[in-house]
Amino acid sequence: MTLQEAMAARHTVRKYKDTPLSAEMVQQLNERIRAQNAKYGLNMKLLTQNKEAMPAIFAKTMSKGVVNYIILAGPNAPGVDEKLGYSSADLMLYAQTLGLNSWWIGGMYSHKNAKKNLTADANAKIIGVVAVGYGEEQGVAHKSKPAAEVSSYDGTTPEWFTSGVAAALLAPTAMNKQGFTIKGKENKVIITCENGSFSGADLGIVKYHFELGAGVENFTWM
């Protein structure tokens, strides 16, 4: 499965089987995380067979079997939310190519317990966690806005822009609001997101999806 195929197949999954990840799969995920950390100066970390991130009340009501997750952490510096969003999008789709499901969790997790397990940098900023594992189901597609509602292009719309917007609409965003706007002119593109607690992360996630759909060779960011 390619990342493009994973983008179409991936949906939020909140309930997981008790099947543990194989040693090979853990190694593959860790290698991908290390690459993202090195590229963007982040401190993300994978925990396996660890229940501490999910408070018991949520484990009983909204989720099940979340024992593997990636802590989304980086230096407390400008732009880190966008970098973490961008990298988390890559990790979720990569996990999908391995046959795993995922869930981007921004509010319903224990920040204290996540930070306790993040030994690399005690001062790191944590914006959420990504649950990974074998889902009890594959999830369902979220409701999506029409492309015309979130995008515009000055001139005749090229195919790469249309494909990029379609990919962006597949991206998971906070509360599934899809509160972003994509504008293009010639080979220039800009994405803005509504202000909110997760606007930086949303921007990074949507940018990753747009690039995957449009092809980075076809445009540049404004």
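**Salt bridges in a predicted model**

Me: Which residue does Asp-154 meet in a salt bridge?
Reply: The side chain of Asp-154 meets that of Lys-185 in a salt bridge, at 3.9 Å from N to O, where the term stands for a side-chain nitrogen of Lys or Arg within 4 Å of a carboxyl oxygen of Asp or Glu. Asp-154 lies in strand S5 (residues 151-154) and Lys-185 in strand S6 (residues 180-185), so the pair ties together parts that are 31 residues apart in sequence; helices (H or I, at least four residues) and strands (E, at least two) are DSSP runs, numbered from the N terminus.

Me: What kind of model is this, and how are residues numbered?
Reply: This is a predicted model, in which local features need pLDDT of at least 70 and side-chain atom pairs count only at pLDDT 80 or more, while totals for chains, interfaces and linings use all residues. Residues are numbered from 1 along each chain as its sequence is written, and side-chain values use heavy atoms, with hydrogens and water left out.

Me: How many salt bridges does the count come to?
Reply: By this rule the count comes to seven salt bridges.

Me: Which residue does Asp-90 pair with?
Reply: Asp-90 forms a salt bridge with Arg-32, and their closest N and O atoms are 2.9 Å apart. This pair links distant parts of the chain, with Asp-90 in helix H4 (residues 80-97) and Arg-32 in helix H2 (residues 23-40), 58 residues apart.

Me: Is Asp-90 buried or exposed?
Reply: Asp-90 is buried, with a relative accessible area of 4%, whereas Arg-32 is partly exposed at 24%; buried means under 20% relative accessible area, exposed over 50%, and partly exposed in between (1.4 Å probe, protein chains only).
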